[in-house]
Amino acid sequence: MRAASNPAVAGSGQTVGDAGGAFRPVKLVDIHLEQAIPNLSGLERYGEAQVLVRLHGVPLESVRVPVVNGGCSALSLRRAVVESAGRWVINHVVEDELAAGVVDTPNIPRTNTAKHHVRQPLPSVTVAVCTRNRTEDLAECLEGLTSLDYPDLELLVVDNAPSSDATERLVASIDDIRYVKEPRPGLDWARNRAIVEASGEILAFTDDDVVVDPLWARQLGETFAESDEIMAVTGLVVPLELETLPQLLFERAGGFGRGLRRSWNKIEEGETWHLGSGRFGTGANMAFRRSIFELIGVFDPALGAGTATNGGDDLEMFFRVLQEGHVLVYEPWAIVRHRHRRDYDALRKQLTDHGLALYAYMIRSALAYPELRGAMARFGLWWFWRRNLRRLIVSFVRPSRFPRDLIVAEMRGALVGLTRYARARRDASRLARAGKA
Amino acid sequence: MTGGRVAVRTVDIRAPVGDLTDLGEYDRVRIYTLSEGEVLGFAEIATWGDSVSSRRIRAALSDALDIKILAAGSGMSEDKVVSLFTNALERDLTLEDGDWDDEPSPLVDSVSVSIVVATLDRPDDLRHCLTNLRSQDTNRQVEIVVVDNNPSSGAARTVLKDFPGVVLVEESRRGLAYARNAGILAAGGDLVVMTDDDVTAPPDWLEKLVFPFARHDVAVVTGNVLPLELETQAQRLFEIYGGLGRGFERKEADAAWFQRSRRVVPTWRLGASANAAFRSSLFTDPGVGLMLEALGPGMPSGVGEDTYLFYKVLKAGYTIVYEPSAYVWHRHRSNMDGLRRQLFDYSKGHVAYHLTTLLRDRDLRVLVYLGFRLPLGHARRIAARLRGRSQYPLRLSLLELKGNVTGPAALWRSLQRVKREGTSSQRPNNRVPD
């Protein structure tokens with residue numbers, strides 16, 4: 001009898017629940033329909049490929065294709081594209097052809113006719129990366145940023161309370177990136193510093209563990225150009241890699257992606273469907289018209305990574321933009337790729353932080369908008385049941401491929417999050433005083 | 001969202017769609033879509049500010065009416081335009097050159113196979129089966145392992161004298177799971193194929209069965225089992241009962257399928273170990289392992305050793321493919337006594353299998369199934385029979401009920417026996433030297 005020779009099993013180094021043995025990494029690929037579909041080879045380690053089907057850069061559909069004999073043949077990829085994405089190709093082609101007024105050719109346009117119908121001029125954009133002691137990841141991130149194609153672009157790195165000058169030296173070695181140091185620890189001190197430092201009409205935020213798509217800034221800019229009423233645009237976050245089981249589990253826990261369909265969001269009087277503002281996106285891919293901060297204020301330094309709440313600043317800002325009556329667009333054409341935590345303990349910590357951040361955001365917003373307290377409490381209870389308690393109960397009823405300790409971790413985070421905002425507020429006030437002195 | 005003033009506008013699909021302006025006083029705009037004087041439909045969007053951009057209008061129209069617009073624009077029916085478009089998509093998507101055009105890719109020949117056949121005092125069947133397996137059309141290295149579950153009779157040993165190269169393994173502990181496990185432990189192939197001594201396979205069966213393993217995520221492949229003959233009433237009734245085949249459509253199951261269902265996982269719909277192939281690495285995976293000795297023919301529990309193995313395979317996150325083109329012919333029991341015994345065993349084993357998932361895997365879905373759905377299913381079938389809508393005899397329904405009721409006790413007795421006789425891995429290799 002042979003011993004198991006699956007390298008993925010040996011390599012993961014961590015057996016999680018019962019799902020460990022069968023795990024194989026998932027290869028992430030983009031297929032551009034205007035170009036020849038490639039034969040993918042060298043995929044011996046992988047179980048399947050997750051293919052983002054794109055036409056004119058637009059993500060149409062995400063398709064999973066099994067790896068066969070160490071690769072995916074162009075034929076099998078084409079079959080998957082036609083089966084799963086065909087509907088969305090039609091949708092995109094019609095949208096495209098309406099721009100020219102010729103809707104009669106049932107075929108794939110090689111060139112994007114709609115490109116000439118984008119509103120001009122495009123606004124100036126500042127991209128801000130807030131980072132802290134993660135120089136290695138940042139290098140890849142900056143490489144992506146420098147390959148962005150956009151007419152009026154400023155790149156800004158805000159170094160948040162660094163413990164060494166490694167990031168400063170890295171940024172100095174790359175042309176055309178501004179470096180700013182923000183000594184007060186906490187992500188939102190850095191974000192607010194970016195608001196002050198940025199010169200662009202649009203301020204786009206991304207994280208240091210992210211690689212942006214070359215079209216990212218352009219898609220954000222074009223969407224903002226649609227209407228002066230649009231104050232915030234969030235985009236699609238797809239995984240950069242799914243090499244380890246914890247990375248796959250993060251996707252199973254919901255991931256950062258919010259789908260491939262655009263949504264235009266504005267709240268009418270009395271509506272409360274925006275309270276669960278995680279549905280609009282995440283801080284790794286969000287952009288704001290800079291003038292919005294004069295109208296509704298800047299980020300709350302008591303929220304965000306590096307504080308007692310460890311996040312929630314992005315959710316709170318999405319909520320505030322909508323609550324104050326402005327327009328937020330979820331624009332999946334603006335894509336970034338996020339490197340999920342590779343090891344299990346970091347994943348568990350991140351899920352705890354998600355629970356923590358969400359409930360800290362709710363407490364903060366309920367304090368700031370007393371008229372919403374009832375609705376916020378109802379949403380908080382509903383979410384706790386739906387997301388935490390129900391999943392926990394189900395994990396006892398039937399064997400789950402999602403480890404129970406991760407469900408418990410997020411649940412613990414949610415409960416702790418209820419108490420954390422007050423402490424974070426005190427910390428922030430102290431830092432604010434120290435900053436003034 | 002429906003309140004406020006709504007502006008009405010039209011858009012002709014034969015003219016470029018531009019921005020809509022002068023919308024300052026409106027909350028929404030409804031856009032009717034025209035093609036040569038015909039109205040195709042409309043889309044309604046919220047307006048913010050004075051104008052709505054072309055891109056937003058186009059997106060809304062396409063989301064609401066894309067196929068209608070395409071059909072009207074090209075003067076064809078909607079079905080026609082979709083099929084034309086799909087063909088055009090196939091045609092226009094060019095493929096990078098390469099030597100990969102042999103599609104679909106077969107499993108490489110270097111993957112070796114061990115075929116495990118368990119037998120119990122049926123020398124004629126065994127001889128027929130081995131002749132059949134020997135004539136399989138394949139280029140890969142194939143090892144045949146025969147497990148004799150009653151070594152004292154010496155029947156298998158005699159047959160194997162005529163089949164040099166076939167490996168004989170003796171397992172004196174009675175039970176199909178014991179026997180198959182002994183075969184698995186003796187097998188050296190990358191894949192382990194299981195079949196029974198009473199089946200006949202066409203010459204391309206083996207290759208068709210192992211073919212899906214070219215896919216990395218597939219860990220088990222099962223095939224179809226067809227009746228070799230339907231000569232007797234018993235054989236026909238067995239097919240009405242459900243037979244061993246699982247249909248003529250390809251299907252697959254994975255961890256998501258396993259977990260999604262609120263009901264029990266119907267692993268029995270995936271096939272049976274009379275015609276199944278496994279990656280040998282499964283049996284050393286701590287999440288899967290060998291077959292559970294307490295289940296299966298030869299034990300009081302009757303059946304379930306294969307379905308419980310499928311259960312563990314899915315739970316561990318692997319994929320199972322049912323490949324109907326890999327079919328074998330099976331000779332069903334020809335007399336009513338044999339059929340009754342078999343159905344009784346199936347009914348006991350069905351319950352024993354579910355109780356096993358409850359006890360070993362804490363699958364609480366079983367409680368609802370055994371307490372409610374299973375009795376309900378019997379009641380329905382009996383009612384259908386009484387109304388003349390089913391050919392399935394009442395006596396067999398009652399026999400099944402009796403089997404279900406005795407299932408827990410049968411499992412208990414089986415577990416006690418395994419406790420006495422030990423698990424398979426406690427006596428690793430019973431391979432008989434040549």
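**Figure 1. Pairing of strands β4 and β5 in chain A of the predicted model.** Strand β4 (residues 125-131) of chain A is joined to β5(A) by seven bridges, and the two strands run parallel. One position to look for in this view is Cys130(A), whose bridge partner in β5(A) is Val158(A). Together with helix α3 (residues 135-146) of chain A, β4(A) and β5(A) make a β-α-β unit, and this unit is right-handed.

**Figure 2. Pairing of strands β5 and β6 in chain A.** β5(A) also pairs with strand β6 (residues 177-182) of chain A, in the parallel sense and over six bridges. Asn160(A) stands opposite Glu182(A), a residue of β6(A). Helix α4 (residues 166-172) of chain A belongs with β5(A) and β6(A) to a β-α-β unit, which is right-handed.

Figure 3. Among the surroundings of β5(A) are its pairing partners, β4(A) with seven bridges and β6(A) with six.

**Figure 4. Three-stranded open sheet of chain B.** The strands follow the order β1-β2-β3 in chain B, and their pairing is mixed. β1 (6-12) and β3 (38-46) of chain B are the edge strands, each pairing on one side only. On average, neighbouring strands of the sheet are turned by 25° against each other, with direction ignored. Strand β2 (residues 28-35) of chain B pairs with β3(B) in the antiparallel sense, over eight bridges. Within this pairing, Ser35(B) has Glu38(B) in β3(B) as its bridge partner.

**Figure 5. Domains of chain B.** Chain B is divided into domain 1, residues 6-84, and domain 2, residues 113-335. Taken over C-alpha atoms, the centres of domain 1 of chain B and domain 2 of chain B are separated by 59 Å.

**Figure 6. Packing of helices α10 and α11 in chain B.** Helix α10 (residues 336-361) of chain B packs against helix α11 (residues 365-386) of chain B at an angle of about 150°, and their axes are 9 Å apart. Angles over 145 degrees count as roughly antiparallel, and α10(B) and α11(B) are therefore roughly antiparallel to each other. The crossing of α10(B) and α11(B) is left-handed.

How values were computed. Residues are numbered from 1 along each chain as its sequence is written. Chains are lettered from A and ligands numbered from 1 in the order in which they are written. This is a predicted model: local features need pLDDT of at least 70, side-chain atom pairs count only at pLDDT 80 or more; totals for chains, interfaces and linings use all residues. Two strands pair if DSSP finds at least two bridges between them. Helices (H or I, at least four residues) and strands (E, at least two) are DSSP runs, numbered from the N terminus. A crossover is right-handed if, with the strands pointing away from the viewer, the path from the first strand over the helix to the second runs clockwise. Domain bounds come from an automatic or database domain assignment. Axes are lines fitted to C-alpha atoms, for helices over the stretch in contact, and angles run from 0 to 180 degrees between N-to-C directions. Angles under 35 degrees count as roughly parallel, over 145 as roughly antiparallel, 65 to 115 as roughly perpendicular and the rest as oblique. A crossing is left-handed if the near helix is turned anticlockwise from the far one by less than a right angle, and right-handed if clockwise.
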